[in-house]
Every structure is written in structure tokens, then in C-alpha cells.
Amino acid sequence: MNSTMDSPLVDAMLHPVRGHMAFESCVEQLGSAIQLGIFPPGSKLPNERELAERLNVSRATLREAISALRTAGFVTTTRGRGGGTVVAAIAGEWPGEVNPVADRRAGIEDIIVFRSVIEPGAAYRAAKTALGSQQRALLTGCLRDLEHAATPADYRQADARLHLAIATVCGSDELSKACSLVQAKVHQFLAEIPFLQANIANSDGQHYTIVHAILDGDAERARFVMHEHCDATAALLKGLLK
């Protein structure tokens, strides 16, 4: 399976690196894209030249970042004809910092508040946008991937891609960046709680309603249901995370 840079979800995740943290920013962006399934297991990362140009870093810096991802078990690399860097299946939880309980609780609350502003607003704006055929296909394709997810890990990645797609079709790079940040953090927290079928059934209905409200141009309904959806996830995180 080959990967491609020609994807609005890749555009939403990978941005030019600025400042003095080129290596760290490359690791963060590529690691988040892998964790959210933008580059799925078994796919090849784009070639060095494309990635270095997209991230605005030297190839040496990019190689160091890929080496770090390889050490962490995110990718494998083979040399020679037909070789390349292939995304591995990631087991376990996203590695996080060990923080005092109070700091962790504050971090959870902070991302919950941020998400409650960003994602309902994105759904509203998406429904107000004159969507082209490619944008509509992106939304329906992401919804279909979610419906056909075979494992909890597949489901959570497909979930993140759908939310990112909603922000992407709005046409704002800053909104896409904000949503990618939210999804990376929420995904990290969700990996720590059980996969609850009662919640998934409710989420599936909300996802369907949100996407079709956007496609129908019903901005108020899209925003309202997305707000309910974010609140439901927030309740689980508050109740189940220590």
C-alpha cells in the first residue's frame, strides 16, 4: 500500500516547521498523522524530498525524525529497490508525559473546553460552505470508513479522520490545525479508556446526523449535534480517566 501527499487530511496534519524545534516538530506532526491513521499501517510514507519540502526542513532533520519514529516502533525502513519507510501497527497507548494528577486533570479539562468551541463551530461552518463534489466525497468516505471499522483501534482512527475532514472542508488552514491538535490529544486520552459499545452506538448515530446535516446545509443542526457529541466524550473522559 502506498501513501500519498495528495490528500486534504495530509494537508491538515503536515505544515511547514518554524522556529528552533524542527526535529521535535517533525516527530510530533508525523507521529500524530500515523497515530490518527492519516498514514495507515502498511502504507509507505511519502519520499524524503516530498516530506522535507512539505515540512520545510532539511533531509538530514527529516531522517533524524524518522529515526526517532522507527525507534518508537511507529515505522520500519527497508533499503534498496522498492524500499522505503512503512507505517507499523501501533500497539498500546500513545506515550504521554507523567504528570501529577492535578496537572493531568487540568490538561483534560483544558482540551475538553477547547474542543467544545472548535468542533461545533467547524460543523456549523462546514454546513454553511458551498461544498464541491470532492469535499462531499471526503465526508461520506470518512463516514463509510467509520461504519466499516473492524477493530476499536480502526474505529478511533476513522473517528479522528472524520472530525478532521469536517474542519478541512471549511477551507481554513488555521481551523484544520486547531482540529488536528484537538484530535491528537483526544485520541491519546480515548486510548486509555474502555471501548464501550453503548457509547459507540450513540456516537454512530451522531456522526451520521452531523455529516448529513452538513451535506444538507443545516448549520444549526450540525452544530447542535456536534456539541452533544463533544459533551458525551467529555463525560466519559471526566468519569473514566484518573
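Is the crossing of helix 7 and helix 9 left-handed or right-handed? I looked it up in this predicted model, where local features need pLDDT of at least 70, side-chain atom pairs count only at pLDDT 80 or more, and totals for chains, interfaces and linings use all residues. Residues are numbered from 1 along each chain as its sequence is written, and side-chain values use heavy atoms, without hydrogens or water.

**Helices 7 and 9.** The crossing is left-handed (the near helix is turned anticlockwise from the far one by less than a right angle). I read that the axes of helix 7 and helix 9 (residues 197-215) come within 12 Å and cross at roughly 25 degrees. That makes helix 7 roughly parallel to helix 9 (angle under 35 degrees). Next I listed the contact (heavy atoms within 4.5 Å). Helix 7 gives Tyr 155, Asp 159, Leu 162, His 163 and Ile 166. Residues from helix 9 include Ile 200, Ser 203 and His 207. I noted seven nonpolar, three polar and two charged residues in this contact.

**Helices 6 and 7.** Helix 6 (residues 133-147) and helix 7 (residues 152-168) pack at about 165 degrees, axes 8 Å apart. Helix 6 is therefore roughly antiparallel to helix 7 (over 145 degrees). This crossing is left-handed. Among the contact residues I found Leu 139 and Cys 142 of helix 6, and Ala 158 and Arg 161 of helix 7. They divide into 10 nonpolar, no polar and three charged.

**Helix 10.** I checked the length of helix 10 (residues 219-240). At 1.5 Å a residue its 22 residues should span 32 Å, and its end C-alpha atoms are 32 Å apart, which agrees. Its buried residues (under 20% relative accessible area, 1.4 Å probe, protein chains only) include Ala 222, Met 226, His 229 and Thr 233.

Technical notes
Axes fitted to C-alpha atoms, helices over the stretch in contact; angles between N-to-C directions. Helix = DSSP H or I, 4+ residues; strand = E, 2+ residues; numbered from the N terminus. Parallel < 35°, antiparallel > 145°, perpendicular 65-115°, else oblique. Nonpolar A, V, L, I, M, F, W, Y, C, P; charged D, E, K, R; others polar. Expected span 1.5 Å × (residues − 1). Buried < 20%, exposed > 50% of the residue type's maximum accessible area, 1.4 Å probe, protein only.
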